[in-house]
Amino acid sequence: MTLALAVLVLVVPPWLAARGLLRQCWKQLQQKLLQNRADFPNPLWGTALAFQGPSVVAGPANNPSGNTEISSLLDSIFWMAAPKNRCTIEVNHCRRRNPQKLIKVKNNIDVCPKCGHLKKKHVLCGYCYEKVRTETAEIRRLIGKAEGGPFKAPTIETVILYREETPAEQDHGKRIIERNRKRPSWFTQTTRDV
């Protein structure tokens, strides 16, 4: 004759309604166990009910609608990752100072011959490009102003003339936009002819 004992541990929230419900369920479970095992003698210890105290479990969860609900068992558990073993300082240092994670030394830095700022080799200088971008935006603004709207662009070419410049013979019949400033050094006369 074998005697099988079962231990049931319940985690009970501290609310009275939930305690009463769990007590009823526990009594029904005890009665079922005693009815099914009436031929077995009573064990030396009786069945026990374990529950969490009110200091451990937080209060009932509030819905945005204002109703209070009894939180489930998983809501009262704090799930946190915990390492099984402590890493040594050497292991931490090796991981953090891995050569792949360190900032690599750049050997392709050069000085811009026009402005003197640092730039990558074979890449346009950012400072010089900013000047080009602002000048181009101003030229586009003047062209849009001369056209009178985005859908009124003429089908002829546009020539940009700076201060103290006169139109050439090849510019006859083209639209001319005049800028009241000196021509920038990067915007050479040959650039205009290209």
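Colleague: Which label do Arg175 and Glu147 get, buried or exposed?
Modeller: Arg175 is buried, and Glu147 is too. Buried means under 20% relative accessible area, exposed over 50%, partly exposed in between (1.4 Å probe, protein chains only). This is a predicted model, where local features need pLDDT of at least 70, side-chain atom pairs need 80 or more, and totals for chains, interfaces and linings use all residues. Numbering starts from 1 along each chain as its sequence is written, and side-chain values use heavy atoms, without hydrogens or water.

Colleague: What makes Arg175 and Glu147 a salt bridge?
Modeller: The closest N and O atoms of Arg175 and Glu147 are 3.3 Å apart. The rule asks for a side-chain nitrogen of Lys or Arg within 4 Å of a carboxyl oxygen of Asp or Glu, so the pair qualifies. Arg175 sits in strand 6 and Glu147 in helix 3, so the bridge ties parts that are 28 residues apart in sequence. Helices (H or I, at least four residues) and strands (E, at least two) are DSSP runs, numbered from the N terminus.

Colleague: How many salt bridges does that rule give?
Modeller: Eight. One of them joins Arg179 and Glu135, with the closest N and O atoms 3.1 Å apart. Arg179 is in the loop between strand 6 and helix 4, while Glu135 is in helix 3 (residues 126-147), 44 residues apart.

Colleague: Why is Arg179 called buried?
Modeller: Its relative accessibility is 13%. That value is under the cut-off for buried, so the label holds. Glu135 is buried as well.

Colleague: What is the label for Glu138, which also bridges to Arg179?
Modeller: Glu138 is partly exposed, because its relative accessible area is 24%. The N to O distance between Glu138 and Arg179 is 3.9 Å. These two belong to a salt-bridge network that also links Glu135, Arg141 and Arg181.

Colleague: What makes Arg183 and Glu165 a polar contact?
Modeller: Their side chains are joined at 2.5 Å. A polar contact is a pair of N or O atoms within 3.5 Å; within protein, one must be able to donate a hydrogen and the other to accept it, and sequence neighbours count only through side-chain atoms on both sides. Arg183 lies in the loop between strand 6 (175-178) and helix 4 (189-193). At 13% relative accessibility, Arg183 is buried.

Colleague: Which face of strand 6 is covered?
Modeller: The covered face carries Arg175 and Ile177. Ile176 and Glu178 are on the uncovered face.
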